[in-house]
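Morning, everyone. Let's take a quick look at this one together. Here it is on the screen.

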There are 2 protein chains.
Amino acid sequence: MSRTRGSSGPKTLAAINEAGLDLIYTAGYEAMSLRELAAKVGLQPGSLYNHIETKQDLLFDLIHNHMVMLLARVDAELEGVEGPVERLKAFVAFHLDYHIERKREVFIGSAELRSLTPKNRKTIVTLRRAYEDRLCDILKTGAAKRLFAVSDIRVTAYALLAMLTGICTWYDPKGRVSRRKLIDIHTRLVLDGVTA
Amino acid sequence: MSRTRGSSGPKTLAAINEAGLDLIYTAGYEAMSLRELAAKVGLQPGSLYNHIETKQDLLFDLIHNHMVMLLARVDAELEGVEGPVERLKAFVAFHLDYHIERKREVFIGSAELRSLTPKNRKTIVTLRRAYEDRLCDILKTGAAKRLFAVSDIRVTAYALLAMLTGICTWYDPKGRVSRRKLIDIHTRLVLDGVTA
DNA sequence: TATAAAAACGATCATACGTTCGTTTCCTGA
DNA sequence: TCAGGAAACGAACGTATGATCGTTTTTATA
């Protein structure tokens with residue numbers, strides 16, 4: 001046996017990425033074996049290497065694609081929104097929405113940082129920093145206009161991001177709490193926390 | 001060669017736990033090998049088994065001891081503190097202090113949950129739930145007395161805990177921000193967020 | 001002080017891992 | 001239509017891993 005009927009490169013790669021995402025999310029990068037991954041996709045282990053360079057590259061690509069997407073989406077979402085309060089509200093709503101939708105990517109993006117090569121990790125951390133700066137900028141502008149009272153921009157931004165990102169570890173879209181209510185609660189927590 | 005001079009059970013176990021804590025924190029449980037660990041302690045790999053049952057038990061014991069300690073300490077800290085506002089302040093201060101002091105244990109306690117046996121994980125999750133309940137109780141009492149305005153106790157508690165625990169991933173005691181200032185910032189964020 | 005338990009060694013086991021490679025079959029574009 | 005690249009197979013390699021075991025030396029107890 002050899003090449004199977006109907007096989008195509010991009011499709012298989014997408015399947016590998018999806019299965020990899022799932023396995024890394026549930027078991028962790030180190031705990032996931034390429035044999036498991038191959039089995040989940042329906043391939044022999046060696047065949048994976050027609051689509052990925054190494055196991056490390058699989059992880060990096062997953063995280064990297066996620067970060068690039070995250071940055072593009074937040075900028076699109078904030079475009080044209082005027083005023084620090086409105087921008088902060090938009091940021092919170094976007095952040096929660098995105099983190100609910102892509103909780104696996106987000107979780108891996110922080111939990112598996114340690115599994116990245118130093119060089120790869122640096123790339124990701126730089127992108128993450130850029131995302132954090134989006135929030136810092138909003139807080140800074142609001143503080144300058146005396147709309148916000150923030151004693152330390154960066155610390156506050158990290159605190160808020162930690163709070164907003166925390167939902168990835170427990171929120172269940174099919175659970176008791178609706179997405180709308182979740183956003184309301186967090187928006188209030190954030191706004192009350194920074195408003196002058 | 002065989003038993004080395006001056007060796008004693010409890011001492012070696014403590015060294016194993018400390019080295020294990022460090023390795024798991026920096027590299028992750030799966031990525032840490034017992035050979036690395038043994039080398040760090042100054043033992044042959046096989047000798048570890050005079051002190052631990054399995055690698056899994058090493059991880060479990062580390063997390064379990066941490067959780068038991070955390071619960072004992074929070075109860076001691078809250079004992080005798082009266083009034084929801086004061087209790088909330090005390091909780092925030094304690095939580096931050098403890099999480100700064102033992103950031104490695106805390107980090108492992110959540111990041112390596114996935115590496116635990118289902119049964120072991122269940123034990124830890126139960127303990128964690130008990131800790132979360134401490135905060136929930138404070139919020140509930142405060143809400144009943146109309147001191148706090150909280151639309152969903154559990155969601156709010158999780159949001160606050162995520163925020164407070166986030167410092168483990170970035171706070172550096174030797175950095176720009178003092179412990180005092182950190183507590184002040186977070187206390188304000190929490191109080192403003194829940195006060196009626 | 002004799003003796004059993006404790007704590008270390010060092011060799012070894014079976015297994016699982018990431019990756020490579022030669023080969024075969026299928027798909028696609030000239 | 002047919003040639004060449006793409007995508008799969010399956011076997012294999014070298015290494016690393018968690019764990020076991022018989023043995024030896026030290027410590028501690030009675």
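How many residue pairs are in polar contact across the interface of domain 1 of chain A and domain 2 of chain A? The rule finds six, with both residues of each pair at pLDDT 80 or more. Keep in mind that this is a predicted model.

Now, which helices of domain 1 do the touching? Both α1 (9-27) and α2 (34-41) of chain A supply at least two residues each to the side that touches domain 2 of chain A. The most comes from α1(A), with eight residues.

As for side chains in salt bridges, take A:Asp22 and A:Arg104, which meet at 3.2 Å, N to O.

Let me step back to the layout. Domain 1 of chain A covers 1-52, and domain 2 covers 54-194. The contact draws 16 residues from domain 1 of chain A and 14 residues from domain 2 of chain A. Taken over C-alpha atoms, the two domain centres are 29 Å apart.

Last, the area. Between them, the two domains of chain A bury about 1500 Å². Carbon and sulfur atoms carry 69% of that. On the domain 1 side, three residues lose the most area to domain 2: A:Leu21, A:Tyr25 and A:Tyr29. Together they make up 52% of what that side buries.

That's my tour. Over to you.

Conventions. Residues numbered from 1 in each chain as written. Chains lettered and ligands numbered in written order. Predicted model: local features only at pLDDT ≥ 70, side-chain atom pairs only at ≥ 80, totals over all residues. Heavy atoms only, no water. Domains from an automatic or database assignment. Contact = heavy atoms within 4.5 Å. Buried area = accessible area lost by both parts, 1.4 Å probe. Salt bridge = Lys/Arg side-chain N within 4 Å of Asp/Glu carboxyl O. Polar contact = N/O pair within 3.5 Å; in protein donor to acceptor, adjacent residues only side chain to side chain. Helix = DSSP H or I, 4+ residues; strand = E, 2+ residues; numbered from the N terminus.
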